[in-house]
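Please look over the sequence and the fold before reading on.

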Amino acid sequence: MTHVLVTRPLAASQQLANQLESLGLFSIVMPMYTFSACKPSVDMSSVWSATTVRKLAVFTSPRAVQFGLSHIPRNQLGDLEFAVVGSATRAKLESSGHTVHLQAQAGFTSEDLLQIPELTVNPGKAVIFCAPGGREALAKGLGDLGWDVIKAMVYERLPLRPVTKQIDALSGAEDLLSVWTSISALKLAEEYLPGFVWAKILNAPALVISVRIQHHLQQMGATRVELADGPGNPQLLQSILRLTGRQIPD
């Protein structure tokens, strides 16, 4: 039986695992981190105080919306343009009652967002809501386009160490496929897992959601790294089934 290592945060991992197991695939759920709110170090009441410039609020994930939206003063919301990375982020923001003004027509990465022509016109003040150490490429890209960029760290990742049950499951898996949706998870897995288990993962097929993660995993030593159809669980499910020679029953 094929074992699929799923390393997304717990709720998303468990949802995908349930779908996989209903189709005859055994899942090893091993989230590498959880999330906690942070108070941003920037003064959100004054960051967009200038009245004559474009004001851009950039949300990079559903969690950025969850932890960041409440920090924006209510009297400033009407003056902002909202930009998002990915459809899931858009859905989260719209479910909170806000209109999304800027999103890449295709793709779900920072690089895709940076291709929007509207970002090159009359750049002003941009605040990126993210986690510490994240979205450096996006901040640099906006800066290169002329934006005055501030990163508001509104949440942080808290590492989770694999437990014995997860390690034993990986050790005993004869046919393994690993799924990765962040470089942070890769780095933590390399640090926390026993060397022989990590080597087993590198020697097995892997599925990733971006070229950046693909390159990083290849630099770690993996040779069979495939790009998923998209970042969400529905796309991951389709990609896993394709790689394992299965299909969703009619």
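## Burial and surface

What percentage of the 250 residues in the protein do buried residues make up? In this model, which is predicted, buried residues account for 51% of the 250 residues, where buried means under 20% relative accessible area.

## Overall fold

The protein contains 10 helices and 11 strands, and its C-alpha atoms fill a box of roughly 60 × 40 × 30 Å when this is taken along the principal axes. A compact globule with 250 residues would have a radius of gyration near 18 Å, and the protein has 20 Å, which agrees.

Among the contacts in the protein with a separation of 6 or more, 65% are between residues 24 or more positions apart.

## The largest pocket

About 1400 Å³ of space lies in the largest pocket, which is lined by 48 residues. Thr60, Arg63, Arg135, Thr181 and Ile209 are the lining residues that lie nearest its centre. Helix α7, which covers residues 183-192, gives the most to this lining, with four residues.

By class, the lining of the largest pocket divides into 21 nonpolar, 20 polar and seven charged residues.

## The second largest pocket

The second largest pocket has a volume of about 160 Å³, and the residues that line it include Gln103, Ala104, Gln105 and Ala106, together with Asp112, Gln115, Ile116, Pro117 and Glu118. In the lining of this second largest pocket, four residues are nonpolar, three are polar and two are charged.

Definitions and conventions:
Residues numbered from 1 in each chain as written. Predicted model: local features only at pLDDT ≥ 70, side-chain atom pairs only at ≥ 80, totals over all residues. Heavy atoms only, no water. 1 Å grid on protein atoms, 1.4 Å probe; cavity = no way out; pocket = protein on both sides within 12 Å on 5 of 7 lines; lining within 4 Å. Points joined across faces, edges and corners; volume = space filled by probe spheres on them. Helix = DSSP H or I, 4+ residues; strand = E, 2+ residues; numbered from the N terminus. Nonpolar A, V, L, I, M, F, W, Y, C, P; charged D, E, K, R; others polar. Rg over C-alpha atoms; globule rule 2.2 N^0.38 Å. Buried < 20%, exposed > 50% of the residue type's maximum accessible area, 1.4 Å probe, protein only. Contact = heavy atoms within 4.5 Å.
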